[in-house]
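I opened the model today to look up a few local features. My notes follow in the order in which I checked things.

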Amino acid sequence: MLKICHDSHLPVYRQPFGAAEAGSDVMLSLSLEGDETAAGVFVRLWTDEAGERVVPMTETGEGGRVAYYRAVVKMPEEGTLLWYYFIVEKADRGRLYYGNNPQQQAGEGCTYDHEPPSYQITVYDRGAKTPDWFKHAVMYQIFPDRFCRAGNELIEKKGAVYRGSWQDEPCYYRDPKTDDVIAYDFFGGNLAGVESKLDYLRELGVSVIYFNPIFESESNHRYDTSDYLTVDNILGGNEAFTHLLTAAKERGIAVILDGVFSHTGMNSRYFNRDGRYDTLGAYQSEESPYHSWYRFENFAEDRDKYDSWWGFKNLPNVDECSSSYQDFIIHGKDSVLHHWLRAGVRGWRLDVIDELPPEFSRSFYKELKNTDRDAVLIGEVWEDASNKISYSRQRAYLSGHELDGAMNYPLRKIIIDFLLGQPGNDSSAVYNRLMNLLENYPAENLAAMMNLLSSHDVERMVTLLGEAPSADGMTAEEQREYRLSAEQRELGMTRSRLAALWQFTFPGVPCIYYGDEIAMEGHRDPVNRRPYQWELTEGSRLAQREWYRSLAKLRNENTVLQTGTLHLIRTGGEGFAFLRCVRDGQDMFGEPAENAVFLTAINRSKTDSTEFDLQVSAFAANDFEVVFTTAGETGAKDGDCSCGKTLSISYGYLHFTLPPLQGVILREKRLAGKYHREAGILLHPTSLPGKYPIGDIGNGARAFVDFLAAAGQSVWQILPLTEVDEAFSPYRSPSAFAGNTLLVSPEMLVEDGLLTADELSAISAEMLSGREPRQRVDYELAAAFKERLLRTAYGNIHRPGRTDDDITENADDSYWLPDYAFYMALKKHFGCSWTEWPEDIRKRRRPAMEKYAALLADGIEYEKFAQRIFDSQWKRLREYAAGKGVETLGDLPLFVAPDSADVWAHPEYFDLNDDGTPHTVAGCPPTTSASRVSCGAIPSTAGRGWSRTDTAGG
């Protein structure tokens with residue numbers, strides 16, 4: 001039986017991940033495992049424009065028992081949706097299919113015996129780009145009639161019912177027989193009121209306002225436009241809007257308008273059913289300049305039979321493909337689009353875009369971008385905006401020629417389902433749902449999504465997350481009267497902070513629906529459109545507003561939370577987490593940005609703490625600190641992740657615990673000045689050229705430092721400088737602290753007066769005569785030569801009038817050198833491993849220690865002398881290098897040899913047998929300069945440790 005696999009989330013199966021640029025290449029791969037063989041493997045491709053194409057796949061021969069078949073597919077030349085699945089022709093003439101999983105969430109698919117659901121590739125136009133300013137924004141949605149009222153002037157409006165109190169409950173006045181709305185209530189919110197609150201919005205961190213419709217209309221919601229070129233006089237008219245735009249721009253706040261272009265109001269100047277305007281409306285005459293905008297069944301016989309939005313006769317549909325209508329809205333010099341762009345708006349939100357034909361919405365997008373490339377276009381799409389099917393037509397809103405972004409209702413639903421613990425929405429399911437969105441949404445569009453939690457069309461977040469009963473089972477009156485209990489409000493506010501934490505740190509533009517920052521309640525329209533409670537005094541809700549302000553400030557101050565790359569993390573259980581990263585000084589779009597790593601983590605459980613154990617080594621190397629938390633006056637108490645706390649990484653994992661219903665934002669600590677660009681060379685001193693059998697740390701080393709400095713190199717990396725074993729390897733050293741005396745400089749012995757020039761010349765002539773320096777180090781000769789020099793120098797300091805104080809002044813080596821010198825003298829005395837010495841000295845019994853100390857006193861002093869010579873010369877070389885701006889970078893071996901001073905002197909640090917031999921060992925493969933003698937039985941430590949780093953050059 002064949003086991004077939006394709007996982008669109010893994011680069012081995014699909015590269016690159018996610019959406020692809022038009023004309024680019026995408027590698028698709030399929031793996032087959034089993035005893036059966038395939039006669040042929042194919043990938044079936046489909047686009048609406050070109051139809052079907054079947055491409056043979058080639059076996060790569062890279063997988064051993066698993067056969068990989070691969071095809072490189074060229075993407076269409078224009079943005080569209082490309083669909084694919086796989087066909088496997090079996091050797092027995094049977095056929096299998098491999099396609100998307102039944103949930104159609106991409107990732108790992110399934111094998112079928114019939115045509116399967118396809119995988120999607122969103123293909124976007126070459127160079128498609130969304131406005132950069134918008135990616136970095138924080139949005140605030142305002143329903144104009146209910147945000148703020150400035151003044152108390154009563155504006156005449158036919159059919160309007162004015163509310164005398166800002167605290168009244170909104171409602172619709174309906175005909176008891178037909179249930180049609182016969183009057184709308186108005187609270188008098190206006191643009192002057194909005195302008196009076198601009199400083200409040202700026203302090204809240206807002207940089208763009210999205211207005212629900214502001215144009216002249218009969219209703220309070222204004223989705224029944226009467227005049228596209230006139231701001232409703234109740235709001236203050238065009239003059240108030242112009243004034244607001246100027247004041248907002250001064251504060252760095254942009255304005256986006258709501259464009260309702262699929263229908264108009266029946267009493268608009270264009271349809272004019274009741275004759276309220278002095279225009280010749282489409283309802284009044286076929287001679288009307290607007291008549292071609294609407295669809296009448298038979299105007300001459302019954303003009304009341306016309307196409308309307310979802311059957312609401314007060315909302316006659318328009319024919320968006322009418323050239324006259326498109327000229328009025330889009331193309332004309334004084335079109336609606338151009339008129340308001342000239343006024344200063346920065347973009348539009350297109351209402352019910354799925355009811356606008358692509359011929360209209362694409363024309364709108366093209367004209368908008370031709371006029372102002374940085375203007376933004378957002379669409380009202382409730383489903384996956386990349387593949388919405390509307391009226392049997394496949395839409396590709398994110399293919400680079402129709403929208404910058406959409407209202408991100410799919411993300412909203414994912415957040416709500418997870419926080420409420422809806423069945424089938426654990427962290428794993430949420431991970432898969434999010435990966436599907438990330439795969440389908442091009443990065444440019446993902447960063448321009450309008451990430452909302454509440455809106456004028458859905459229940460407010462606090463109501464939903466406070467576990468209010470479903471609005472589906474409630475009458476309008478019951479919804480109006482319903483209030484959360486104190487416990488429900490506490491729960492709803494706490495969860496809403498978790499939702500906002502997610503919203504503000506996820507790619508896209510976070511949008512606050514007015515009043516969410518003070519936890520306003522409300523089921524569906526109209527109670528989700530209550531007036532903003534400016535007179536609020538409740539402390540917990542005011543604290544909620546301050547918390548929102550702090551969250552927005554954190555996002556606005558950190559580019560990584562705006563355009564950093566996103567990395568989802570599988571967590572399991574009740575938690576969820578993701579990372580935002582900027583590395584190498586560039587954000588996800590290649591724009592300059594400060595390096596940073598932020599992690600958002602959430603525990604949705606109402607009762608239990610959740611432990612997070614997250615592998616972050618691919619993204620961060622330093623500890624993290626808690627920079628933000630959802631805990632507050634109305635939330636869970638601070639637990640293991642209170643603000644300011646440092647969380648350490650251990651072996652690449654970040655471990656912490658979150659109390660119930662708490663979320664945090666963590667930031668990797670950046671160590672100031674620790675990381676900077678520098679270059680250097682790796683060269684061990686043994687390889688330095690010279691007239692002696694081995695390189696050393698004398699004049700040749702100084703010349704190398706001069707060379708590095710002249711070449712602009714600032715680092716000299718050196719292999720271990722520890723003493724070597726019998727095979728001359730420093731990686732199995734007889735001491736973790738002793739220096740390699742083979743590196744002692746003969747010339748520096750003369751400079752220090754420890755040797756005379758004649759002595760050096762005589763010894764060199766005797767031992768090196770006729771031996772020219774070789775390309776490879778002559779270790780045996782070097783060892784004998786340096787031993788002879790050091791022995792002579794040691795003898796010199798014992799002449800009358802000389803002591804070794806010249807070279808031991810301020811030496812701080814008492815914690816290791818006596819043991820090492822004693823061990824080396826004993827080893828030379830017995831000529832074998834310490835484990836074979838007599839038991840009394842092997843076990844360091846006092847009488848034996850005193851006996852051999854006296855017996856080998858001269859040899860012990862010699863070993864101390866040799867080490868102090870090395871230490872003195874090495875320190876002077878480091879000082880010389882530092883003076884030239886060159887830093888020495890050392891190599892610190894983690895192990896010592898079993899036959900070493902350290903194991904003999906401190907057997908308690910190692911896991912040894914009773915006879916001193918290793919019980920457990922660590923090992924390394926032999927090197928070209930080291931036999932099995934130097935690599936192999938290296939004793940493991942027994943849980944304690946010690947170190948000294950200055951010998952290796954630090």
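Which residues form a nonpolar patch on the surface, and with about how much accessible area together? I find W310, F312 and Y391, with about 450 Å² of accessible area together. Patches here are made of residues with over 30% relative accessible area and no salt bridge, like charges being joined within 9 Å and nonpolar side chains (Val, Leu, Ile, Met, Phe, Trp, Tyr) within 5 Å. A salt bridge is a side-chain nitrogen of Lys or Arg within 4 Å of a carboxyl oxygen of Asp or Glu. Accessible areas come from the Shrake-Rupley method with a 1.4 Å probe, and for residues only the protein chains shown count as cover.

Entry on provenance. I note that this is a predicted model, in which local features need pLDDT of at least 70 and side-chain atom pairs count only at pLDDT 80 or more, while totals for chains, interfaces and linings use all residues. Residues are numbered from 1 along each chain as its sequence is written, and side-chain values use heavy atoms, with hydrogens and water left out.

Entry on confidence. The chain averages a pLDDT (the predictor's confidence in each residue, from 0 to 100) of 91, and 93% of the residues score at least 70. Over residues 924-937 I see pLDDT below 50, with 24 contacts (heavy atoms within 4.5 Å) beyond near neighbours in sequence. Where pLDDT is low, the predicted coordinates should not be read in detail.

Most residues other than glycine have a negative phi, and most peptide bonds are trans. I looked up W310 again: its phi is near 50°, a positive value. W310 lies in the loop between β22 (302-306) and α6 (323-331); helices (H or I, at least four residues) and strands (E, at least two) are DSSP runs, numbered from the N terminus. W310 counts as exposed because its relative accessibility is 64%; buried means under 20% relative accessible area, exposed over 50%, partly exposed in between (1.4 Å probe, protein chains only). S392 also has a positive phi, about 70°, and is found in the loop between β25 (389-390) and β26 (393-394).

I then checked peptide bonds. Q15 and P16 are joined by a cis bond with omega about 5°, and D525 and P526 by a cis bond with omega about 15°.

Entry on β12 (residues 119-124). Five of its six residues are buried. β12 pairs with β9 (residues 80-90) in the antiparallel sense over five bridges; two strands pair if DSSP finds at least two bridges between them. In that pairing I find L81 opposite T122.
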